[in-house]
Amino acid sequence: MTHAAPAAQPDHDGMRAMFRTMTLIRRFEERASDEYMAGRIGGFLHLAIGEEAAIVGTVSALRPDDPLTSTYREHGQALARGSDPRAIMAELLGRATGICGGRGGSMHLMDRERSFYGGYGIVGGAVPLALGLAWATRYRGGDQVSVTMFGEGAANQGVVSECFNMAGLWDLPIVFLILNNQYGMGTPVERAAAVEDFYPRAAAYDIESWKVDGMDVLAVRGAVAEAARLAREERRPACVELLAYRYRGHSMSDPDTVRATEEKERWKARDPLVTFERVLLGEDIIDAGAIAAMQAEIDEVVTDAAAFAEESPEVPVVELARDVYAQPWNDDARGSALMRP
Amino acid sequence: MSDGPAQMTYRDALNEALREEMQRDDAVFLMGEDIGRFDGAFKVTRGLLDEFGEQRVVDTPITEAGFTGLGIGAAMAGLRPVIEIMTVNFALVAMDQIVSNASKIHYMFGGQATVPMVIRMPGGAGHQLSAQHSHSLEAMFTHVPGLKVVVPATPEDAKGLLKTAIRDDDPVIFLESEGLYGKKGPVGGEDDLVPFGQAVVRRPGRDCTVIAHSRMVWVALAAAEDLAAQGIDVEVIDPRTFRPLDLDTLAASVRRTSRAVVVDEGWPECGIAAGVAAHLYEACFDWLDAPVVRVNSADVPMPYARNLEQAAIPQAGDVVSAVHAVLGREAGA
């Protein structure tokens with residue numbers, strides 16, 4: 001199976017599709033927030049509201065077979081890759097119909113069929129996995145590009161620098177996407193980083209690197225398309241830093257009292273959905289009626305996903321130890337021989 | 001001259017397993033520090049770079065967390081990486097990759113991805129390498145569901161278990177012993193795989209069961225000789241893998257002998273011997289005539305001074321004393 005790499009700038013259909021995906025992510029996460037407040041979602045729930053341009057700009061610039069990895073803030077990546085909203089919402093509710101059978105939850109979505117290799121909970125910990133996916137591509141002579149999204153907070157983890165080094169040393173086909181939302185939980189960049197730009201860190205390892213406005217979906221798409229082209233055609237790694245902002249706290253348990261209201265309002269004034277909608281309307285790519293119809297359709301999708309999840313069965317407890325091992329050593333051990341009645 | 005099976009060192013047995021599995025399956029590749037041009041810190045990978053090339057025998061920077069994680073990602077994509085961490089001591093900087101990623105990916109994502117990789121690393125003390133280079137970390141890895149943990153004691157098992165590990169679909173922690181690389185013994189052929197989860201009786205006996213793994217098997221066997229001279233007949237059992245653990249074979253032996261000593265080069269607290277002893281209490285309590293006794297390294301960071309180091313690691317004499325204790329005999333009686 002071969003795929004054409006997406007163009008740096010999408011056609012009108014492409015732009016409408018990107019706008020729809022951004023709107024879907026926004027509505028889906030707002031509904032997830034409601035489900036959490038209603039007590040139906042447990043654990044952590046990290047919302048990416050405000051970061052839709054960074055997510056959709058990135059994913060739309062990739063081929064569907066380019067392996068993608070992400071952090072624990074990854075509902076949007078799964079939706080952008082085309083995963084079933086029902087299966088994602090069911091995973092958030094911990095149901096048997098969830099995309100990972102209720103094992104992963106919000107932080108650990110994966111859709112292998114769509115080359116989405118997962119959301120990971122240890123900051124920076126997934127970056128070497130992405131390097132390994134790039135390694136495997138080169139080992140087999142494929143032309144996929146491994147793309148890994150992580151935050152500026154992760155860029156301070158040592159293992160990320162290790163990966164920059166190996167990618168630069170071995171010219172692996174990987175794109176590092178540093179989604180700089182300017183806060184590592186509640187700690188602002190200026191209190192965590194000696195230098196507030198992050199892309200020069202990759203550049204230090206001979207990786208072509210630059211920074212773009214992560215609130216502008218077309219700018220993100222163009223930058224990621226170029227980065228993917230370098231990795232795919234010239235077999236060189238690349239790094240793009242996306243400057244963006246998340247509107248909500250780090251997770252639902254963060255009341256977000258640290259960040260100034262004025263700062264939040266300033267960024268919301270550049271809301272990626274609002275600004276992109278203005279572009280689409282201004283260039284007659286979409287009209288108000290089509291937007292209303294799209295939003296109604298998305299509301300239906302999200303309502304349906306939530307209803308599906310709520311009506312789905314719980315995971316049978318007898319399956320507790322299923323899948324601990326891919327190759328269990330006997331029929332009794334559904335996972336571990338050490339787990340006895 | 002004997003026509004018996006080929007004699008080979010533990011080191012060369014591992015090398016042969018790697019070579020055979022690389023010839024058999026193109027998806028197998030090796031990665032680690034100084035494994036190519038330098039032939040490996042312990043020469044286990046000698047000659048493999050010449051035979052298989054730089055694509056499949058990869059020298060890495062000193063970046064254990066990074067290349068261990070790279071191996072996990074490559075395994076998720078269907079390759080079969082064999083990662084060499086130069087010694088188990090350096091695995092500590094890769095623990096996040098091993099514990100948070102390798103062991104959990106199959107479960108956490110509902111079985112969508114597998115991690116068919118092997119992480120080889122030698123460990124153990126005895127060469128005056130002092131506190132940071134003398135670990136036996138079996139217990140740390142065995143603690144983690146999702147990993148398989150393999151501890152070969154002989155050249156035959158080193159080869160046969162490594163071949164099994166490479167063909168296994170789960171992440172396998174393959175713990176070699178620095179003290180055994182030069183050990184010679186017979187090895188199996190290309191198709192002789194040693195299955196996981198099958199303990200082996202190294203020496204049959206009726207008075208007491210001694211459970212030991214890796215280099216401690218040889219310490220236990222030396223102790224058994226000393227005890228035999230005293231008229232005490234011990235059975236030495238080698239679990240060979242801790243995940244899976246062949247509790248059936250261990251428990252069957254203890255039910256026959258009614259006494260057990262567990263020898264482990266690691267530390268005593270929450271260690272491998274402690275875990276095995278707990279299993280034996282649960283499985284064999286009504287058969288035991290004495291408490292299970294553990295023989296561990298001393299509960300200290302490993303000292304450098306030769307005499308202190310030797311005092312810290314289990315010796316045959318310690319095993320003899322432990323057997324005396326479970327038999328209710330005074331030392332030297």
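In chain B, 31 residues of domain 1 are in contact with 26 residues of domain 2, where contact means heavy atoms within 4.5 Å. This is a predicted model, in which local features need pLDDT of at least 70 and side-chain atom pairs count only at pLDDT 80 or more, while totals for chains, interfaces and linings use all residues. Residues are numbered from 1 along each chain as its sequence is written, chains are lettered from A and ligands numbered from 1 in the order in which they are written, and side-chain values use heavy atoms, with hydrogens and water left out.

Domain 1 of chain B spans 7-186 and domain 2 of chain B spans 200-326, with bounds that come from an automatic or database domain assignment. Their C-alpha centres lie 26 Å apart, and the area buried between them is about 2,300 Å², of which carbon and sulfur atoms give 58%; buried area is the accessible area (1.4 Å probe) that two parts lose on being put together, summed over both. Across this domain interface the rule finds two salt bridges, a salt bridge being a side-chain nitrogen of Lys or Arg within 4 Å of a carboxyl oxygen of Asp or Glu. The side chains of B:Asp157 and B:Arg202 form a salt bridge with an N to O distance of 2.6 Å.

The contact between the chains takes 43 residues from chain A and 54 residues from chain B, and the two chains bury about 3,900 Å² between them, 61% of it on carbon and sulfur atoms. A:Trp135, A:Tyr139 and A:Tyr325 supply 17% of the area that chain A buries against chain B, more than any other three residues. Across this interface the rule finds zero salt bridges, whereas 24 residue pairs, both at pLDDT 80 or more, are in polar contact. On the side of chain A that touches chain B, β2 (116-119), α5 (127-139) and α6 (158-170) of chain A each supply at least two residues, and α5(A) gives the most, with nine residues.

Some local features complete the picture. A:Arg26, in helix α1 (residues 12-37) of chain A, is buried, with a relative accessible area of 9%, since buried means under 20%, exposed over 50% and partly exposed in between (1.4 Å probe, protein chains only). Beyond its neighbours within four places in sequence, A:Arg26 is in contact with residues including A:Glu52, A:Tyr247 and A:Asp271. In chain B, a cis peptide bond with omega of about -5° joins B:Arg243 and B:Pro244.

Notes: Polar contact = N/O pair within 3.5 Å; in protein donor to acceptor, adjacent residues only side chain to side chain. Helix = DSSP H or I, 4+ residues; strand = E, 2+ residues; numbered from the N terminus.
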